[in-house]
Amino acid sequence: MSRAAIFKDKTAITEKIREAAASVFPIVLIVVLLCFGVLPVGTDVMLSFLTGTLFVILGIGLFSLGADISMVPIGTKVGTALTKTRRLGLILPVAFILGFSVTVAEPDLQVLAATVPHINSAVLLITVGIGVGFFLTVCMLRIITGINLRRLLIVFYAAVFVLAAFTDPEFLSIAFDSGGVTTGPMTVPFILALGIGVSNIRSDKKAEADSFGLVALCSIGPIIAVMLLGLFYPAQSADTQITAAQYADTAHIGSTYLRSLPHTLLETAVSLLPIAAVFVIFNAFSLKLTKRSFARICFGIFYTYAGLVLFLTGVNVGFSPLGTVLGSELMNSRAAAFAVPLAMVFGWFIISAEPAVAVLEKQIEEVSAGAIPGKAIKLSLSLAVSVAMGISMIRVITGISVLWFLLPGYAIALILSFFVPDIYTAIAFDSGGVASGPMTATFMLQFFIGAAATTGGNILSDAFGVVALVAMVPLISIQAVGLIYKKREAVTEETREEYGDFDIVELWEVEEI
């Protein structure tokens, strides 16, 4: 790479790390204030958490840069090359392989797979990967044929809730959470880029709109796949006891991080190998990129790999243990009476600081030609995710099934789709991946697990489901904002029709003498 490219990457890394720090800092600040105030924890656990915070920030920064300069170009170029062949026999199998490959490398999914106590991690990763791969082939067919997104969503979500009636409760929340974490920082950019690459071949006006909605459909695949898995998979015994991490000294903390690195390095390499292999094969036979472009994408894959290793290490060693202990300490303290509002505060800051929200704001401002301000989107998401976190804590305390909230929630979202423009429905259903970011899958899920275990609840049915709720609420809030925009637009059109383009409108009255 040239010096200019290296300098550009250094600047981009700095910017990505700043965004990651802005995303993580609010949660860290709240945690520190709680631990120094009403919920004291061991000094060793806090030091491990702060060390993990540095790993997570660096990891998210490097991973985001790597996804931008490798996953997005790979998705766009492969999508365009695939569609140019005009061969469904090639497009569909490759779409399945790409969907599977990018999903098993998703960091949020890997964290969830490591957290679920009664399903083998590899089994869950493969199951979710198959679900995404299958539905990515459905997405390709939809873009090529122009099938209406609303119809597909209604059919597939109807199938989801019918299947839910026969699913083991201990698999139910895991299934919906799998759909939420799948639409993460790895999968979303790649799938969106692949959709844009495929839609570029179409010349009609609806091609751009049809490129949205891929994430919405792909998030359904894991839900159905995990539910089907629950019908025949012999679940392992689940250990729900909460044990606080303990370190003898700072050297023990350092050695714990060092011991976790080799395992994480190997697992991450295995996860990224399929997508890297697909890229190399496509480049050799179809893309034939220049050496400079090929080298840049390879550097991007390396950034992605390094970021994933740092992120997963920080989460597994530092973030998750403190999140579990903090949730447990909260329910054992006098502050338990404020558990619901505290969870809502966490929700507000998680989404308001999420870097991907800025991308969504810009996207909607462009689609609405500036009529819907980004602040309105951010406010609606903050309120919605705050409510989702509050509901999650209520579920932990009461044991209410997640279906009592998901079923009416998705029903409302699908009903709203009949009253808003199709583009807003597509963006709303895509935005679940924006809301259920890294902090939800890592810290908040562990927080609810600790709370559920302490109150004597079933963590599999009571704690899991938080990601699903956070992924659902944007479907309603974004479409609600779109509905308001549509009504305002209708009022403006009525005013224009009433007066006409060339009428003179008197703004004052002249007194008659």
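**Cavity, pocket and cysteines**

One cavity of 30 Å³ or more is counted. This is a predicted model, where local features need pLDDT of at least 70, side-chain atom pairs count only at pLDDT 80 or more, and totals for chains, interfaces and linings use all residues. Residues are numbered from 1 along each chain as its sequence is written, and side-chain values use heavy atoms, without hydrogens and water.

Q: What makes a space a cavity, and what makes one a pocket?
A: On a 1 Å grid over the protein atoms alone, a cavity is a set of points where a 1.4 Å probe fits but cannot get out. A pocket is an open set with protein on both sides within 12 Å along at least five of seven lines. Lining residues have an atom within 4 Å of a point. The largest cavity has a volume of about 120 Å³. Among its 14 lining residues, Y157, G179, S219, Y410 and A471 are the closest to its centre. The second largest pocket holds about 440 Å³.

Q: Why is C218 called buried?
A: Buried means under 20% relative accessible area. C218 has 2%, so C218 is buried.

Q: Why does C298 count as partly exposed?
A: Partly exposed lies between buried and exposed, the latter being over 50% (1.4 Å probe, protein chains only). C298 is at 31% relative accessibility, so C298 counts as partly exposed.

Q: How do you know that C218 is in no disulfide?
A: A disulfide is a pair of cysteine sulfur atoms within 2.5 Å. A search of the whole structure finds zero disulfides. For C218, the nearest cysteine sulfur is that of C139, 3.9 Å away.

Notes: Grid points are joined across faces, edges and corners, and a volume is the space filled by probe spheres set on the points.
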